[in-house]
Amino acid sequence: MTRPFAQVDVFTATPYRGNPVAVVLDGAGLAEAQMQRFTHWMNLSETTFVLPPADPGADYRVRIFTPSYELPFAGHPTLGTCHAWLAAGGTPRQPGVIVQECAAGLVRVRQTADGLAFAAPPLRRDGPLDADLRAQVAAALRIGPDTIVDASWADNGPGWIAVLLDSAEAVLAVKPGDTDLNVGLAGPYPAGSPAAFEVRAFFTKDGGIAEDPVTGSFNASLAGWLLRTGRATAPYVASQGTVLGRAGRVHISRDEDGTIWVGGGTVTCVSGLVEL
């Protein structure tokens, strides 16, 4: 059966400089094994499958897969899927706000001057790391434990651990080893720079470690931590993907009610049909 398909570059307005996500716009009738097999074949960090919503308050439902497993939530797939759904003629029930249903619940997406933005979901786990885990993270990153300014759980679905280093330069210099943890790094740029932080994110893949070009879920939980601890003020822009030759830009803002929004550009790079 042929199904509409798009590949969307996220957190960029320039094609091929952000993080791509594959979107199957009609996932109805597909078994989980079929979704997982196609995702593994695509070999992107995530592939999504759009389904009719089960929740009456949602505009559509999405299932999000990495090449190895399904995720309850992920950031750049949320924005890329919403972009593809809108481009295919999707009309939100509530003007100006798109509501996505996923395994983590309902996620709001809105259109901003900087592109689509999603409301950061609640954390599943936060708080400081114990000494043993902090040492394990340092060893995995191949950095001295004393170079870590702070570290915390920042898990909103994918199990992120957030690590703060003292500078963007230090973040760019990290050359990690293997780990079974999903670890994100951040380091500040000098005041007045175009971006406030350099961000990197590492996740497990096929028994090893891979670096994500631009990571919405980690930037969402990282923003909550940085804002809560007074290390950042909103709005700000994070740069990610530099080491991989990308130029991702993540725009963080916060409403008066405390809702954190994570946004950026989205652009369709591939569209057509896929046999599934």
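**Salt bridges in a predicted model**

Q: How many salt bridges does this predicted model have?
A: The count comes to six salt bridges.

Q: Which residue pairs with Glu-32?
A: Arg-63 does, and the closest N and O atoms of that salt bridge are 2.9 Å apart. Glu-32 sits in helix α1 (residues 32-42) and Arg-63 in strand β4 (residues 60-65), so the bridge links distant parts of the chain, 31 residues apart.

Q: Is Glu-32 buried, partly exposed or exposed? And where does Arg-63 fall, buried or exposed?
A: Glu-32 is partly exposed, with a relative accessible area of 47%. Arg-63 counts as buried, at 18% relative accessibility.

Q: New pair: what does Arg-93 meet in a salt bridge?
A: Its partner is Asp-59, at 3.9 Å from N to O. Arg-93 lies in the loop between α2 (75-87) and β6 (97-102), while Asp-59 lies in the loop between β3 (47-51) and β4, so the pair ties together parts 34 residues apart in sequence.

Q: Why does Asp-59 count as buried?
A: Because its relative accessibility is 10%, and buried means under 20%. Arg-93 is exposed, with a relative accessible area of 57%.

Q: What about Glu-211, which side chain does that one meet?
A: Arg-200, in a salt bridge of 2.9 Å, N to O. Glu-211 is in strand β14 (residues 208-212) and Arg-200 in strand β13 (residues 197-205), eleven residues apart. Glu-211 counts as buried at 18% relative accessibility, and Arg-200 counts as buried at 3%.

Q: Which residues do shared partners join into one network?
A: Glu-32, Arg-63 and Glu-70.

Methods. Residues numbered from 1 in each chain as written. Predicted model: local features only at pLDDT ≥ 70, side-chain atom pairs only at ≥ 80, totals over all residues. Heavy atoms only, no water. Salt bridge = Lys/Arg side-chain N within 4 Å of Asp/Glu carboxyl O. Helix = DSSP H or I, 4+ residues; strand = E, 2+ residues; numbered from the N terminus. Buried < 20%, exposed > 50% of the residue type's maximum accessible area, 1.4 Å probe, protein only.
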